[in-house]
Amino acid sequence: MNENPSTNGALVHVEGVEKVFHRGSEDIHVLSNVNLKVPAGEFLALMGPSGSGKSTLLNLLGGLDHPTRGTVTIGGEKVDSLSDRSLAAWRARHIGFVFQLYNLMPMLTAERNVELPLLLTHLTRAERRKHVETALAMVGLSHRTKHYPRTLSGGEQQRVGIARAIVTDPTLLLCDEPTGDLDRKSGDEILDLLQALNREHGKTILMVTHDPHASARASRTVYLNKGQLASEPLK
Amino acid sequence: MKFFHLIWSNLQRKRARTSLTLLSVVVAFMLFGLLSAIQEALVGGVALAGADRLIVREKVSIINLLPASYEARMERIPGVDFATHQTWFGGIYQDPKNFFMQNPVEPEKFLKIHPEFILPPDQEKAWLATRTGAIVGRRTAERFGWKIGDKIPIRSTIWPLPDGSYTWTFDIVGIFDGKDKGTDTTPLFFRYDYFDEARDQGGENWGKGKVGWFTIRIKDPSQAAQVAKLVDQEFANSPAETKTEPEGAFIQGWASQIGNIVFIVAAILGAVFFTILLVTGNTMAQAVRERTGELGVLKAIGFTNAQVMVLVLAESCLLAIIGGVAGLGLARAITPVVAQKLAGLLPLFYLPTRALVVGLALSVVLGLITGIVPAVQAMRLRVADALRRM
């Protein structure tokens, strides 16, 4: 990706972002003048109570939605100005999503789930298989490649979800409450894995969570409250 | 091809529902195949009818006979190459269920006007030399195990012999094949001269010198309408007026006695496919509704709206094509068995290749129509909204 000078070295640069949803005649301001910079290689936790706008901000960063005002620049690319089609291609290349409920395809085995993003590339079947094997090895699931999601534990399913997110070697990992549906032990394992991806593989990670235990694993934490970003939680 | 696994897996999501939908599609296409075979049996001859052949029958009804002497008069009409005739014999071989057509004909002219019947030259020679000789189509010969040299007794329901009996015996001197797959090889043809003399000697003189209908070969097929008009004018105001029409129209007229076959078949199939459209459409709509969240995930990881739409369409098409191929395959397997049972009644009962092609095309259309609404819904799905529905 081209480094845009205006981002001042930050991989993610959110500037003056507002998001307003319209419900009938009512305008709901979910995000107000949000500014955020995330340097490459950072593991950032985004905390806040329910309804604070965490998921909305994550959607804007992942190109799943457009801001009402302001700009979202990632790796020099102004995401908010891309068309839906270009956004899809951009997401495939640069974003890896990890969801709270894993969001795996129940009819596909672990390896087929991980392979999904690679179907959009020009890789051959053998190359795809190699990438899938590597990704599953990184999350410690080489022995579960042929298993369907229903035969895997929650922690294992989330590992498959992470393998799917990293298999294309994306620029940015966006994790939406990745431990929210797991018990403490499994959650810790997932956090260990995310930390390892950040430290050993240099992955830039932005993790939404409302769990202080999870945010403690991040290198920095920012807080969202009523659509406004702060470096400290509101007392 | 790399998306095939994804499409195939989605079809297996609810196996019972997919199987039942598939079964209904299979039955619909099997019905399509069988009805196509029936339509072919009843009106398929129209397509194979000689463009240069006209059929002349008695104006009021084909049951009424025409004088054989008309033949010479017809051959003098401008545009007529030559004419020949046939008469309905209405015979029964052993059992009324063993129905097949038997007609007395003029051998040389008959073979000349019907090049679609292939008879070896030595057998043709034998037929010309044997007054009681008959040639039979391959299908009937095989059906009853007849071979050249056999004497075949056939009881006529119309024409008595000199001794008052109705059982005629013919010597099989030839077995003919069809030039095309659609050529009817069930009839038996015997000599008119033998037939005409025999019924005369029987003392019941009512049919002497009379024939069922004429077939005329015209010199220029583009002049068919004018020649037909001239033929009917020639016999106007006579005791036996004629009605002349192209062979195709004549065959169509026969089939129309049962009803408008094409319309009946189209009406049945229309009802069947409308039902299938609803069944398959409902299956697809449900299948897409159930996995809104998963479609959102696909979009989140980079699938474009168009790709998601194509995936859903491909799924409905795959379902319809599998059902179509299976149904048409079953119809193809069943038709020879049914044809055997209906050999006499519907001699041309078979599934034509063009029906298979139309059936396959229909299955793709079915897939596209049933998939288009859920596919467009999937395409328009907003990712953020879809992900909330996981």
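Chain B of this predicted model has 14 helices and 13 strands, where helices (H or I, at least four residues) and strands (E, at least two) are DSSP runs numbered from the N terminus. The radius of gyration of chain B, taken over C-alpha atoms, is 29 Å, well over the 21 Å that the globule rule gives for 390 residues, so chain B is more spread out than a compact globule. That rule is 2.2 Å times the number of residues to the power 0.38. Along its principal axes, the C-alpha trace of chain B spans about 95 × 45 × 35 Å. Of its 390 residues, 38% are buried, meaning that 20 or more other C-beta atoms lie within 10 Å of the residue's own; a residue with 12 or fewer is exposed, one in between is partly exposed, and the C-beta atoms are placed from the backbone.

Residues are numbered from 1 along each chain as its sequence is written, and chains are lettered from A and ligands numbered from 1 in the order in which they are written. Local features need pLDDT of at least 70 and side-chain atom pairs count only at pLDDT 80 or more, while totals for chains, interfaces and linings use all residues.

Chain A has 7 helices and 10 strands. Its radius of gyration is 18 Å, which agrees with the value near 18 Å for a compact globule of 235 residues. The C-alpha atoms of chain A fill a box of roughly 50 × 40 × 40 Å along the principal axes, and 51% of the 235 residues count as buried.

Within chain A, helix H6 (residues 184-201) has 18 residues and reaches 25 Å from its first C-alpha to its last, close to the 26 Å expected at 1.5 Å a residue; the expected span is 1.5 Å times one less than the number of residues. Buried residues of H6(A) include A:Gly187, A:Ile190, A:Leu194 and A:Leu197. Seen down the axis of H6(A), the buried residues fall within an arc of 155 degrees, so they line one face of the helix; the arc is that of the directions from the helix axis to the C-beta atoms. Strand S3 (43-47) and helix H5 (154-166) of chain A are among the elements that cover them. On the other side of H6(A), A:Arg184, A:Lys185, A:Asp192, A:Arg199 and A:Glu200 are exposed.

Between the chains, 20 residues of chain B are in contact with 21 residues of chain A, a contact being two residues whose C-beta atoms, placed from the backbone, lie within 7 Å. H11(B) gives the most to the side of chain B that touches chain A, with 5 residues.
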